[in-house]
Structures are given as C-alpha cells and as structure tokens.
Amino acid sequence: MEALRQDDPRRFGPYTTLARVRESAVAVHFLARGADRDGLALVTAARPALASVPAFRRRFRSEARTAERLAGGPVPRPDVSPEGDGLWTATAYVPAVTLSEAIGLAGPLPERAVRVLGAGLAGTLSRVHASGAVFQGLAPGTVLVAEDGPRLTAFGPLGAAAHAEAREGGQLSVRLGYLTPEQVEGQEAGPASDLFVLGLLLAYAATGTTPLADGPAEEAAERIAHGSAELGSVPVGLRALIAGCLSKDPADRPTAGSVAAELAPEGAADRAQGGWLPAVLAAAVTDQAARARALEPPAGPVDDGPRVPPVEERTPTDAVPTGAALPDGGAPGHVVPPGGGHDGDPGEDSRTTRFLGTGARTPRSDRATAQLTLPEEVTNTAPPRLPAAGPPPAQPYAHPAFTAAPPALPAAAPPAAAPRTGPVTGRRALLTAVAAGAAGLVLGGAAVAALGSDGSASATTDEKPTAEPRPALPGRPPEPRWTYARPAKAPAPLTAGVWQDRLLVLTDTAGATAVDLRTGRKVWERADAAGAQSVLTAGEDLCFLAAPTEFLWLSPEDGRIRHRVRFADQFDGVPDMKVAPLTGQSGSVLWFTGSHTVTVRAPKPKKGKKRGKDTQVVKAYFFAYDVVRRKEVWRVAVPAGRAPGTPAYRLIAARKADLVVRQDAGTLTPADVRAGQGKAVFRCFDRTTGKPLWNRRFGTVAPGGAAAGDQEGRLFGAVGDDLGAFETGSGKPLWTLNGTASSVFGTPVAAGALLHTTNRDQEVGAVERATGKVLWRRSTEVPAGDGCPALTLSGSGRTLLAADASQVTAFAAADGRRLWKFQDIGAPAPDGAAVTAPYRVLATGKTSVVVQRERAFYAFPVE
C-alpha cells in the first residue's frame, strides 16, 4: 500500500480514493471509501492505454459480469462502472495479501494452509465449470490470502495476464501467466486447464517455487508440454493430488469438486476457522487492516487533483499534539536507556509514522525537521508553465508520467535580493513529501536534466557550473557538491561503484563511464566495456570490471582497457562457464561462483541390451581470484544450483581465517529447499585454501531472510519478527532483539561496537553488538512498505544513511538524531514515465556520499 500519486484520480463514481494497493498488468487497485464514508472498497481501474481498445473494454466488462454471477464466498460482488464513467469495478475491501506476497513474507505455507487455499479455489472452479465455462483467472497475483480464507481478484485471462499491450489497429496482445500442455499445443483451454493451473499454484504455495513454469517463457512452455514436474519438496499428503492436477492429458486430471472434497472434506471455510495463516501473514493482514482504517478521505468536495497545503498549514512530523501523552516504553524485549527515552534522551521513537502519518503511537520529538523548501540550484531560461485555470476534466485512470515540463509552483523571492526564476518543479514532488509525513523533505532533483547533462557522446569532460552554497537548515540536506545525470538517450545504469575515492564508475549496456568525484564532471566513456555488472578496485592504478563472460582492467585516467581475461581462457577445465553475480571482495581477492555443463556417457550396455541415453550434468565451483595478480587462488567444487545450474552466493562475513556465505534462495534446487526445511544453510570455507569447513543453520533464519556477520565470529539474522545473534563456530544463540508483528528486520550493518538495524516498519536503530541492548531507534517517516531501508555508513562512521524507494534519511550514528532528508522529484525516463527506482547510497571517502536514483547522482558532504 502506498500514497496516491499526482495523476491518480481522486474519485471513481461515488468512491473517494485513499491509497494505492497494488498494480497488475492491466489495472491499478486503489483503496477507496464510499459516499456514506462507512466501509472501505477496493477499486480496480483499467490502465488507459488498454481501456481505449474496444476488445479490452468488452473483455473487462465480461469478466466483471462473471464476478457478479459468482459472487459469494471467496468472490466479492463487484460494483461495475456505468458506461461513460471510465472502466473500473469496486468490491468490498478485505485486508489480504496476494499469494506471491505471502510466499515472499513467510516462505512455503504449511500443509493445512495449502489445503484451505486449494479447497477454496477448487470450490469456485467447481461453480464455474458447472455452468459450462472456463475460469482462467488463477495466478499468484490474483489469489488473495485473507484471515477467513482465500479470495479471488481476477475472473478470466485478462485479469490474470502477466503482460498486456495495445497494438496498432485496435489489437490487444495478452500473455498469460501460466500455460497448460494443451494450450502449448495450440488447443483451446477447457475446464481441465483450470485444474492444471490450480496444481501449479498449490505446488507454489507448498514449496515457494513453481514446477515447470519458472524461467524464460520458451523454456517453461517446453517443460509444461513435455517435462515432468519435480514434486519432491511437496508434502507427502498433497503430492499425489497435485501430480494428478499436473497430468499432461486433460482427461487424467481430477475435477474441481473432487479436489475441493479431498483437500477439505468439511469445507474450506470451516477448516479456516480458528486461524489458518502462519503468524507472520496473520500479522501482516492485521497491520494492513489497521493502516487502512486509519486513512481518511479529504473533508468536503473532492476534485481530480490533490491540493497541496501551504507550508504554514502543515504540522511538523515530529511534533507532539497538545495534551498528548508521551509513550512510556518500548516494545517487549526492547531495552530503553535510563530516563525512559523522553525529552533529551536518544531512546526509541518507534512507529513515529504509519501510512500517511497515522499510527497507533504518539510521535516523539527528537529534532524538528525543516519546513518544505524548494532548491534554487538552477536558473531556468524559459518561463515556468502555470497550470491551466479550473479543475482538470474527469477521465479514467491515467498512469503517472512527467511531461516535458511539469507545472511549476510559485516560489518566494529571497529577502533583500533580486527575484529568481524558480526551478520547474512538479506537484507530485510536493505531494509525495506530504504523503510520506515528512515536512522536511527537500526536493533536490528539480532540475536534473539541466544539471546533469552529458553533452555530446564524444565529449571527454563534462563542464558544469558549481552550485552556490546555501545556509544549513535543520532537516534540510546540505548543498550538493555536484549533480550528475545520464542523458535520456543513454541506457539506464546497470551498476555504479567507487574507485579509490577518486572516480564514480557507471556501467550500462552501451559502455562504462567515469565521473570525477571531486567535480562531478565526466572523465571518460568507453563503449568496449559494455555490459559490466560489478565495479571494483584492482590495486592503486587499475579499475576492475566484471562482465558476464570476462574480467576487464581499465585505466582510471582514460578508460582504456589494459587487460582483458575471458573466462574461457583463464579458467581451465570449465569451458563455457556461466558466472553468477560476484559473491564479494576483500583486499585484492574476490570470490564468485561459476558452472558448466558436462555430458556423462551412459554405461556400456550388457549383451543384448540397448545403450542408455547420455545425460547432461551441471558442475559448479566456488572460486577465489586475485584481481591484482590476475590469477586464480583456489577453486572448490560445490553443489549446483537451480537451472541453469550456477549457485549464487552472498558474502556474510570475511574473516582472517575463513569466510561465511549463503546461497541466494532463488538458486536453490528443490532438493535444497526440501533439505533446508524452510531454513537457510550457511557455508564456511577456509580463506587460504577454499577447503569447506562446515554447513550450518542458525535458528530459523529463512533462505531469503536478512543476515550479516562480523569479525568476532557472530552472525546476525532475521528470525521471524526478531533479530537474533549467533556464534558461528557452534551455532549457539547469543541474544535476541524482539520485534513486532510487522517489523521484519533487514540486513544490519556492523560498525565498531555497534550494530545498526533496519526493519519494515521503516525504522533504523543501533544496538550493542555484544549484548543486543537497544541504544536508539528512529523512524524514517516513510509509509510502512514491503521492504526495509538499506543502510550505508559514511566513511567517518558518524552518519548513518537509510535509503528506500521514497527518500534518503540521514541520522547521527551515535545517538540517532535525525539530521536531514533528501528526495528528488524523479527524473523523466526516455518514454516520459516518472522514475520510481529506489535510492542508493555510496560512501566516498570520509566526508562525502553519493546518492543515486537510477540516472541521477548527487554528491553530499557528510560528517
């Protein structure tokens, strides 16, 4: 759930929109309130580019009529838009997460939950098939998991589409998420096709992976038509039923009614009574319900455009309402410093912001943030465009996009100075700041295109004016030392890295570019370094790039390639090696995994017997490579990963004698998933020889859960809602930092005696690494979302920066004082769409950081 965007409509018939819930290939789902202000609704609004196609409009309304016929149980009754009032439906809002979101949060569901899910879906299919129709609306994103059982949001192939686009001539192209063997062979879908897709969904719910259908579309179609499903990780009690649903011959599949009866003879609703969801999902649904109830529509008439209140009408986010009581302590398990964390104390200010600034706890003041201000870094030569008089005409949902010049807001002239022409700043920038509950956000990217222009492609330097210094204000970020942006005609960066605190090196599909970290000017650009996906340091005089098929060493002076090592030439015995993203680097040594496929010949047959078929086997290795000596240090054979076979390792800790890694969950084979039993397996290797030392689980840290290590032999990992510390040598738990039902922890950052933490409540903090004692905790004042802010510590260790999809927030690392916040307006992409990429922070030296948002880069001074 996220705040409304500038161009989102504020009304659909009698419904007033409150927030965005999620998007699909064909529509956007909004949370709304009806005219009577009692009860919430979920509005599904068609994307305008598709709504203009007659075939789409007919199909959209046809599927809405299907929902009307099926209304009851897991199918809510829709309110369909009348002709001439856009293209949307509205149903009663039920707090829920999609099945794909549920698997991302909790991992594979327990068998009882899978049975409830499958019985509810099969019951609906049975009703559809009894009428002689085919449903074709099942997909991980169209099945909702609610407290009282599963729900459905799509009622045909359109709603469940993985991709849809309008083509010339009024044609509509729709790609389905899941195919069936008969569809791959060109036959029409029948009732049995729904059972095949149901089998895929149940296997996905039970294992977290989809048999046959994962991977590129062409390969998936081949496996669906001719491959056999790997169901070894499916619970034994469900295996035969799911295998029957996945039969190649439609005639061999069970009926929907028989599936429902086998999964839950007493009925899905009865089986769901008393709670059927894992604790983390039940908490997520409860939290979503609380946030939805806290939303209020604007009082009085609502037009199609949101009003941005003047600065003087806004209340600072940190302010405590008159007469409000301060909280008297932290959540269970949290250590509050002496004094209870009241005025003057750097204790916990947990949950200072929920969605649109609402929440169950009173915000605590720690430092006043600045009023909303506009940057004055660029003087525009063209006069600003003003919005046309009167409200915009009513229209169907329009996807937010920045045009060539968004409307400008009037800016006050500085006192005792000639008036300046303010930057052209979109209303969306201010609206996003207000929606985030952060009155101190500074929109530093209002003139990205002007500040960051590369000039011609052949230019070797990038001259640009130095920004005028401005006085520091509480909550306002410091003046950027420079701003740089990739031109719209260039591909978006694949990655960015810092070389020796001298260069910012960017890579994309067209080449590599170096920017001087002192001035922000482009130093060089090399097309023959295209496609590199990692930027590292190779000693004092070379910059190292890792590409999918080779390693490159570039001169930092002009970007010329000094050395090039192709994997086929360097690594003997591993022809056609496929390399996963680099595991990590320490000093001159980097670690990575690679694999190749070998043919194992069938054994010689006995006399009178036919020779068997040769088999293809993937062999995988973990490498250590010295980038200065350009030499392999060691390699060790490791288990292969999920097809195409290369396991991807992430570095957890690199210590003097050993290193600890964990395999990315997406590369685990079904056998790995089954053996792990829902827990991550960490591997330890001798740093000198590569000898495997141990494989170990730590508590209930999940395969995709956050984890990090330190030099003292500790491992920190997300354990359910908590953060746990373990001794790596023995697996012994050391301490636990308790969280709340919604505060799933992200990857922490160790610094000295402290461990900086982050969680999905959009909070960051610091605890003692040895004991887990909480020293401080602060909110970033961003609406709670699906992810955790990513943490970066400045080179001096004094400033902690939290980056997410909405902003960058800077804190004093020692006591958690909120220093400043930064948010740009989103540089327009080449197709005119607004950038929604998350922010990223790169530490450069002791007194500077670079903030990236896709094409735009800002260099800020920090302590």
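Two strands pair if DSSP finds at least two bridges between them; strands themselves are DSSP runs of E, at least two residues, and helices are runs of H or I, at least four residues, numbered from the N terminus.

1. **What you are looking at.** This is a predicted model, in which local features need pLDDT of at least 70, side-chain atom pairs count only at pLDDT 80 or more, and totals for chains, interfaces and linings use all residues. Residues are numbered from 1 along each chain as its sequence is written, and side-chain values use heavy atoms, with hydrogens and water left out.

2. β33 (residues 722-727) pairs with β32 (residues 714-719) in the antiparallel sense over 6 bridges, and G717 faces G724 of β33. This hairpin has 2 residues between its strands, and G720 in the turn has a positive phi of about 60°. On to the next pair: β33 is also joined to β34 (residues 733-737) by 4 bridges, again running antiparallel, with T736 of β34 as the bridge partner of G724. Here 5 residues lie between the strands, and G731 in the turn has a positive phi of about 80°.

3. **Helix α4.** Residues 111-130 form this helix of 20 residues; from first C-alpha to last it reaches 28 Å, close to the 28 Å expected (1.5 Å times one less than the number of residues). Of its 20 residues, 14 are buried, so α4 is largely enclosed by the rest of the structure (buried means under 20% relative accessible area, with a 1.4 Å probe and protein chains only). G132, which follows α4, has a positive phi near 85°.

4. **A neighbouring helix.** The axes of α4 and α6 (residues 191-207) come within 10 Å and cross at roughly 170° (axes are lines fitted to C-alpha atoms over the stretch in contact, and angles run from 0 to 180 degrees between N-to-C directions). That makes α4 roughly antiparallel to α6, a label for angles over 145 degrees. The contact (heavy atoms within 4.5 Å) includes L117, L121 and L125 of α4, and L195, L198 and L202 of α6.

5. **A sheet to look for.** Three strands in the order β7-β8-β9 make an open sheet with antiparallel pairing. Its edge strands, β7 (96-98) and β9 (149-152), each pair on one side only. The twist averages 35° from one strand to the next. α4 packs on this sheet, touching β8 and β9, and its direction makes about 40° with that of β9.

6. **Cysteines.** How many disulfides does a search of the whole structure find? The count is 0, taking a disulfide as a pair of cysteine sulfur atoms within 2.5 Å. C245 is buried, at 0% relative accessible area, and C543 is buried at 1%.

Notes: Buried means under 20% relative accessible area, exposed over 50%, partly exposed in between (1.4 Å probe, protein chains only). Angles under 35 degrees count as roughly parallel, over 145 as roughly antiparallel, 65 to 115 as roughly perpendicular and the rest as oblique.
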